[in-house]
Every structure is written in structure tokens, then in C-alpha cells.
Amino acid sequence: FTAENAAIPDGFQQFEFQGTGKDRKPVRGTIEAIDAYEAYAKLRKDYDFDLTNVISLSATPEKRQQYQQQGIPLEWVEQFKLEHGTKKKEEGKKVVVQEDESLLSDQDRAELQFYQEEIGKLTTEVLTLLQENEDFLDASARRAILDRIGLLSRLRRSNAIDHLRELTKKLLKQLGDDKLFIESGKLSEEQQGELIVRKTQFNEFSKQLEKKVASGIAAVSVGFASIDTEKVKLQIKESDPVKQIVQLLYIAVVSILGLMVVFWVISVIRLLSHFAQNSILYSFSSPQLWIVTGISFIFTVTLFPLVYSWKKLTIQQKSFFLGLALLLGVIFLWLSPILLWWTR
């Protein structure tokens with residue numbers, strides 16, 4: 001197979017590939033693309049090949065053998081699914097599954113913005129670090145990091161927050177892996193000393209990057225920028241805290257009335273049963289107990305429409321019920337010796 005390219009455009013490379021076609025027969029050939037992933041994506045999208053390898057023609061025999069053993073990187077597969085969607089057949093229709101930004105929470109959206117702004121800086125710093133230590137890094141481990149950086153760069157402007165989060169985490173973990181460096185036994189004594197210095201510097205730099213990313217994510221997760229003030233205001237308005245406090249006080253008043261009613265019922269039963277008549281008669285003659293009972297009864301009856309109205313009351317109606325409750329309470333206190341003559 002030969003892809004439809006007559007000449008290699010500027011900036012493109014040649015890649016050889018192996019896999020199977022739609023008819024499940026083996027295919028192999030060459031293709032031109034900017035990088036290995038673009039070659040893989042073109043072969044998947046345009047020709048629907050199931051690929052096992054995509055390798056640059058300029059790769060050394062050693063690297064070629066490594067790439068053949070590794071096969072297609074998992075990141076390529078994930079990136080291709082993300083860019084072109086996963087097609088499903090549902091009742092004879094084709095549905096493309098995509099991640100919708102509107103489904104993201106406020107915190108995820110803030111974290112996504114952080115990744116989109118910082119990935120460019122992060123990849124630049126990592127590439128510089130790899131270039132400075134190229135002679136001491138394992139080739140396959142270095143290639144894996146470069147592949148992940150490439151995938152991160154392509155995902156940078158997408159809404160795939162889960163992919164960005166996971167890839168960044170894996171990249172930082174790779175940078176802190178001791179297997180990233182070549183074995184010291186393959187180096188001279190002088191180079192081994194230099195390797196120790198490079199490892200120390202590399203690990204310190206990777207830890208700084210990890211702390212930087214972690215602190216940045218923590219800042220957007222708990223920062224005031226991630227708080228939707230309008231939403232908070234709406235929630236407070238809908239919850240109506242003043243009404244809840246009034247209802248709580250009303251329940252307290254009703255509870256007091258209930259306790260007093262129970263007390264008087266028991267007292268009447270005991271009085272009729274000729275049990276402790278002196279103490280019961282003393283309770284009946286207590287103005288304080290009857291005043292508490294009367295006030296709680298007035299407030300329970302008068303304030304019920306104000307607290308549990310089925311329709312929204314106007315300010316004038318609320319003021320009327322509140323004023324009526326207070327007025328009746330004052331009148332009751334003033335006339336209590338007359339109303340409760342047995343307490344005198």
C-alpha cells in the first residue's frame with residue numbers, strides 16, 4: 001500500500017506501517033505526515049486500518065525494534081477516540097459520543113482553564129529538561145515522555161478534563177521515575193558521577209513541577225474565582241432564612257402550648273381522682289402558668305396564617321397578623337386578673 005502523496009511536503013516525515021485492512025488481510029506501506037500520531041490518525045480515519053506499528057523511516061534499527069515491540073501507544077488510541085468520537089449503532093442510527101463542556105461542573109471548568117493555560121509552559125519546561133539531559137536518558141523512556149507531551153499539546157484546547165488530568169499526572173510520574181535514566185553500568189566513572197548530579201537536579205525539578213501543578217489545581221478548586229456568587233445569592237433567596245427562623249420560633253411557641261395543655265389535662269385528671277388536691281389547686285391558682293398558656297395560645301392561633309400561608313402575603317398582610325398577635329398578647333396580660341379570676 002502507498003498513501004496518496006506524490007511528494008513529501010515541507011515539514012513532513014515518512015513513516016512505515018503494518019496492520020490489517022477492512023477485509024482483515026495484512027497491509028503494510030509508507031505514508032507522509034507531520035509526526036507519527038498524525039500518520040496513525042490518517043490511516044485510521046481515511047483507510048480504516050487496524051494498525052500494529054507506525055515507525056519513522058529515519059529511526060535507527062535499535063529504535064525500530066523497540067517500536068515494533070511496543071506497538072501502538074495507548075495514548076494514540078485514546079486521542080483518536082477523543083478527536084473523532086466513538087461511533088455506536090443504536091436503532092439503526094449512528095451516534096457520536098463527545099464530551100460536552102456544558103456538562104462540566106464549575107470546579108471542573110475552572111480546573112480545565114488552569115490546564116489549558118499551564119500545559120504550554122509545562123511542556124516547554126519538560127522539553128528543555130529532556131534536551132539538557134538527553135545523553136543520560138533511556139531512549140524508550142524519553143520517547144514515551146515525548147509521546148505524552150505531544151498528546152497533551154493536542155488535547156490542550158479540548159474539553160477533556162479527565163484526559164488532561166490523567167495525562168498530566170502520568171507525565172509528572174514519568175519524570176520522577178529512576179528508570180528514565182540509563183543504567184550507570186554502561187557509563188564510565190566520570191560519567192557516573194555526572195549521572196548522579198543530573199539525577200538529583202532532574203528529581204528536584206520534577207518535584208517543583210509537581211508542586212506547582214498541585215498548588216495551581218488547589219487554588220482553582222477552593223479559590224473565590226470558582227464560586228458562583230449569583231448562584232449562592234439565588235440559593236439564599238430561595239431558602240428564605242428569615243422565614244425559616246420565624247417558623248422555628250413558631251414551632252417553639254406551639255411546643256410550649258402543647259406542653260401546657262398536657263400539664264392541664266393531667267392536672268384535671270388528678271384533681272378529679274382526688275390525688276394531691278392541694279398541690280394541683282396551687283398550680284391552678286398560679287397566674288404565671290396561665291399567662292404562659294394564654295400567650296402561647298394567642299400566638300399559635302394568630303400567627304398561623306403568617307407562618308404557613310398557602311399564598312404569598314403582602315407586607316401589609318404580614319404586618320397585620322404580627323400586630324394583631326402583639327395587641328392580643330398585651331390585652332391578655334392587662335386583663336389577666338379579670339380573665340383568670342381564680343388566680344387572684
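Trainee: In which helix does Gln174 lie?
Mentor: This is a predicted model, where local features need pLDDT of at least 70, side-chain atom pairs count only at pLDDT 80 or more, and totals for chains, interfaces and linings use all residues. Residues are numbered from 1 along each chain as its sequence is written, and side-chain values use heavy atoms, with hydrogens and water left out. Helices (H or I, at least four residues) and strands (E, at least two) are DSSP runs numbered from the N terminus. Gln174 falls within residues 161-175, which is helix H6.

Trainee: How far apart in space are Gln174 and Ala141, C-alpha to C-alpha?
Mentor: Beyond its neighbours within four places in sequence, Gln174 is in contact (heavy atoms within 4.5 Å) with Ala144, Ile145, Arg148 and Leu180. Gln174 and Ala141 are 33 residues apart in sequence, yet their C-alpha separation in space is 8.1 Å.

Trainee: Which element gives the most to the lining of the largest pocket?
Mentor: On a 1 Å grid over the protein atoms alone, a pocket is an open set of points with protein on both sides within 12 Å along at least five of seven lines, a cavity is a set where a 1.4 Å probe fits but cannot get out, and lining residues have an atom within 4 Å of a point. The largest pocket has 23 lining residues, with Ala36, Tyr67, Arg143, Leu146 and Asp147 nearest its centre. Strand S1 (13-20), helix H1 (36-47), strand S3 (50-56), helix H2 (61-70) and helix H5 (139-155) each give two or more of them. The top contribution is seven residues, and it comes from H5.

Trainee: How many charged residues line the second largest pocket?
Mentor: Asp240, Lys243, Leu306, Leu313 and Lys318 lie closest to the centre of that pocket, among 13 lining residues. Helix H9 (241-272) and H11 are the elements that give two or more, with four from H9. Asp, Glu, Lys and Arg count as charged, Ala, Val, Leu, Ile, Met, Phe, Trp, Tyr, Cys and Pro as nonpolar, and the others, Gly among them, as polar. By class the lining has six nonpolar and two polar residues, and the charged ones number five.

Trainee: Which helix provides the largest share of the lining of the largest cavity?
Mentor: Among the residues lining this cavity are Phe114, Tyr115, Thr168 and Val213. Helix H4 (106-132) and helix H7 (189-222) are the elements giving two or more residues. The largest share is seven residues, and it belongs to H4.

Trainee: How many bridges join S1 to S3?
Mentor: Strands pair if DSSP finds at least two bridges between them. S1 and strand S2 (residues 26-33) run antiparallel with eight bridges, and Gly19 stands opposite Val27 in S2. The S1-S2 hairpin has five residues between its strands, with Arg24 in the turn at a positive phi of about 65°. S1 also runs antiparallel to S3, where Asp50 is the bridge partner of Thr20, and the number of bridges between S1 and S3 is six.

Trainee: Is Thr302 buried or exposed?
Mentor: Thr302 sits in helix H11 (residues 287-307) and, apart from neighbours within four places in sequence, is in contact with Phe321, Leu324, Ala325 and Leu328. With a 1.4 Å probe and protein chains only, buried means under 20% relative accessible area, exposed over 50%, and partly exposed in between. The relative accessible area of Thr302 is 8%, so Thr302 is buried.
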